[in-house]
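The sequence and the structure come before the discussion.

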Amino acid sequence: MIILDTHIWVWWVDGSSQLTAQYQNRIEEHKANGLGISVISCWEVAKLVENGRIKLQCSVEEWIEQALAYSGVQLLQLTPRIVVESTQLPGSFHRDPADQIIVATARIWSCPLLTADDRILKYPHVKLLQ
């Protein structure tokens, strides 16, 4: 399984041109083994809609329901272990709690993370899929 960062998930589901062919290929290559989506990504999508940073073609509830039904997608719940890990990430990591939880999820599940976020790409303590 691989973990998709929120923006990668949104770009993939919405067919955005921001999703490069490289990222699209990585998703297709790993779909059969699972595409993990942290439950915090659902919250992030809802917050992006609330704050007017993204517009969806349907309600946020419908979008999340449909996006979680995509082939290979597995919703990964927030667990006490992930919560604690997110507050104890090794080294220096930025203060965005959603990113902390997504990185912690990838670490706890021992799965590579697919992201285009420069701050996460520079973080050496998470396995990345490039």
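Helices, as the word is used here, are DSSP runs of H or I with at least four residues, and they are numbered from the N terminus. The model is predicted, and every value below is computed from it.

**The largest pocket**

With helices defined in this way, H1 gives the most to the lining of the largest pocket, with 5 residues. Helix H1 (6-14) and helix H3 (39-50) each supply at least two residues of that lining. The pocket has a volume of about 510 Å³, and 21 residues line it, among which Thr6, His7, Glu44, Leu48 and Arg53 lie nearest its centre. Sorted by class, the lining is made up of 10 charged, 6 nonpolar and 5 polar residues.

**Aromatic pairs**

How many aromatic pairs does a search of the whole structure find? There are 3, and two of them are set out here.

| Pair | Centre to centre | Angle between planes |
|---|---|---|
| Trp9 and Trp63 | 5.0 Å | 70 degrees |
| Phe93 and Tyr123 | 4.7 Å | 75 degrees |

Planes over 60 degrees apart count as edge-to-face, and because the ring planes of Trp9 and Trp63 stand at 70 degrees, this pair falls into that class. Trp9 belongs to helix H1 and Trp63 to helix H4 (residues 60-68), so the pair ties together parts of the chain that are 54 residues apart in sequence. Buried means under 20% relative accessible area; Trp9, at 0% relative accessibility, therefore counts as buried, and Trp63 is buried as well, with a relative accessible area of 4%.

The pair of Phe93 and Tyr123 is also edge-to-face. Phe93 sits in the loop between helix H5 (80-87) and helix H6 (97-109), while Tyr123 sits in the segment after helix H7 (118-121), so this pair ties together parts that are 30 residues apart in sequence. Phe93 counts as buried because its relative accessibility is 15%, and Tyr123 counts as buried because its value is 3%.

**The buried side of helix H2**

In helix H2, which spans residues 21-30, the residues Tyr23, Ile27 and His30 are buried. These residues cover an arc of only 80 degrees around the axis, which means that they lie on the same side of H2. An α-helix has 3.6 residues a turn, so residues three or four places apart point the same way. The elements that cover the buried residues of H2 include strand E1 (2-4), H1, strand E2 (35-38) and strand E4 (113-114).

Methods
Residues numbered from 1 in each chain as written. Predicted model: local features only at pLDDT ≥ 70, side-chain atom pairs only at ≥ 80, totals over all residues. Heavy atoms only, no water. 1 Å grid on protein atoms, 1.4 Å probe; cavity = no way out; pocket = protein on both sides within 12 Å on 5 of 7 lines; lining within 4 Å. Points joined across faces, edges and corners; volume = space filled by probe spheres on them. Nonpolar A, V, L, I, M, F, W, Y, C, P; charged D, E, K, R; others polar. Phe/Tyr/Trp six-rings, centres within 6.5 Å; stacked < 30°, edge-to-face > 60°. Buried < 20%, exposed > 50% of the residue type's maximum accessible area, 1.4 Å probe, protein only. Arc of directions from axis to C-beta. Contact = heavy atoms within 4.5 Å.
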